[in-house]
Amino acid sequence: MLFDCAALSPESTYKLLVSTVVPRPIAWVTTLDAEGVPNAAPYSFFNAVCGSPPVVCIGIGPKKPGLKDTGENIRRSGEFVVNLVPEKAARAMNVTAIDFPPGVNELVEAGLTPLPSTHVAPPRIAESPVALECRLLQLVDLAAGRAVVLGEVLAFQIDDACVLDASRCYIDTPRLGLIGRMHGAGGYVRTTDRLEMPRISLADWQARGAAG
Ligand SMILES: Cc1cc2nc3c(=O)[nH]c(=O)nc-3n(C[C@H](O)[C@H](O)[C@H](O)COP(=O)(O)O)c2cc1C
């Protein structure tokens, strides 16, 4: 069935996106407001989009008169931290998604522990095994008060227990225990159902053809 976006409402295109583009990693974003109060909220319109320079993107919705607090904090300060979400912190992450007014420290509300970052002012979340310290590259304003943030990753903070070989940047990814966002109001997925499929080189592909 064809769904032509030109004929669909914003609610419908949103529904189609979030029920088909799955699973999505979750950026648990920490920022500082103008008074220096920490802010934390999850964003699953999120992904890594370039390896070098390391760049991530986040899609941020409206909160009148501007963007949600995370977006306005990033626009003003140019800095943020993306904490990835382990299953053990899922409930706390969900608390930080509550529509608190500006100025409320969601880390306190959710009983989370802030840790200082090295390259940016916003803190990282101790309960997260991976934090990406980011500097704003570009904030692209979209229609209806929404925006996409592109951020360059300045530093990765990874739990020592999840680092297999630091010199080779080998990470024990299963041990991170991360979750992703699925469809439905409360749908999530674990990252333990791994499927193994090595890449095929052109030479291997051509050799198979010759053999067949
Ligand atoms: C798992 C999850 C993913 C979310 N992803 C997004 C998203 O990608 N974009 C968005 O605008 N809101 C998203 N939200 C809603 C925000 O987290 C929520 O509106 C929050 O209150 C925003 O906080 P802030 O105003 O402090 O930034 C998500 C919520 C949850 C629970």
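Guide: Helices (H or I, at least four residues) and strands (E, at least two) are DSSP runs, numbered from the N terminus. This is a predicted model: local features need pLDDT of at least 70, side-chain atom pairs count only at pLDDT 80 or more, and totals for chains, interfaces and linings use all residues. Residues are numbered from 1 along each chain as its sequence is written, and side-chain values use heavy atoms, with hydrogens and water left out.

Visitor: How many helices and strands does the chain have?

Guide: There are six helices and 16 strands. The C-alpha trace spans about 70 × 50 × 30 Å along its principal axes.

Visitor: What makes Ala 144 count as exposed?

Guide: Exposed means over 50% relative accessible area, buried under 20%, and partly exposed in between (1.4 Å probe, protein chains only). Ala 144 has 59%, so it counts as exposed. Ala 144 sits in the loop between β11 and β12, and its phi is positive, about 55°, although it is not a glycine.

Visitor: Where is Cys 169, and why is it called exposed?

Guide: Cys 169 is in the loop between β13 (163–165) and β14 (170–171). Its relative accessibility is 61%, so it is classed as exposed. Its phi is also positive, near 55°. Most residues other than glycine have a negative phi, and most peptide bonds are trans.

Visitor: Which peptide bonds are cis?

Guide: One runs from Ser 52 to Pro 53, with omega near 0°; another joins Lys 64 and Pro 65, with omega about 15°. Pro 53 belongs to the loop between β4 (46–50) and β5, and Pro 65 to the loop between β6 (62–63) and β7 (66–67).

Visitor: Is Gly 78 buried or exposed, and how do you know?

Guide: Its relative accessible area is 16%, so Gly 78 is buried. Gly 78 lies in the loop between α2 (69–77) and β8. Its C-alpha atom is 9.2 Å from that of Val 120, 42 residues apart along the chain. Of the 212 residues in the chain, 36% are buried.

Visitor: What makes a set of residues a nonpolar core, and which residues have the most contacts inside the largest one?

Guide: A nonpolar core is a set of buried Ala, Val, Leu, Ile, Met, Phe, Trp, Tyr and Cys residues joined through side-chain atoms within 4.5 Å. The largest has 23 residues, and Ile 58, Phe 80 and Val 82 have the most contacts inside it. Among the strands that each supply at least two residues of this core are β3 (38–43), β8 (79–84) and β11 (130–141). The largest share, four residues, comes from β11.

Visitor: Why is Tyr 14 called partly exposed?

Guide: Tyr 14, at 46% relative accessibility, counts as partly exposed. This residue is in helix α1 (residues 10–20).

Visitor: Which residues come nearest to the ligand?

Guide: A residue is near a molecule if one of its heavy atoms lies within 4 Å of it. Of the 19 residues around the ligand, Pro 42, Tyr 43, Phe 45, Gly 61 and Thr 70 come nearest.
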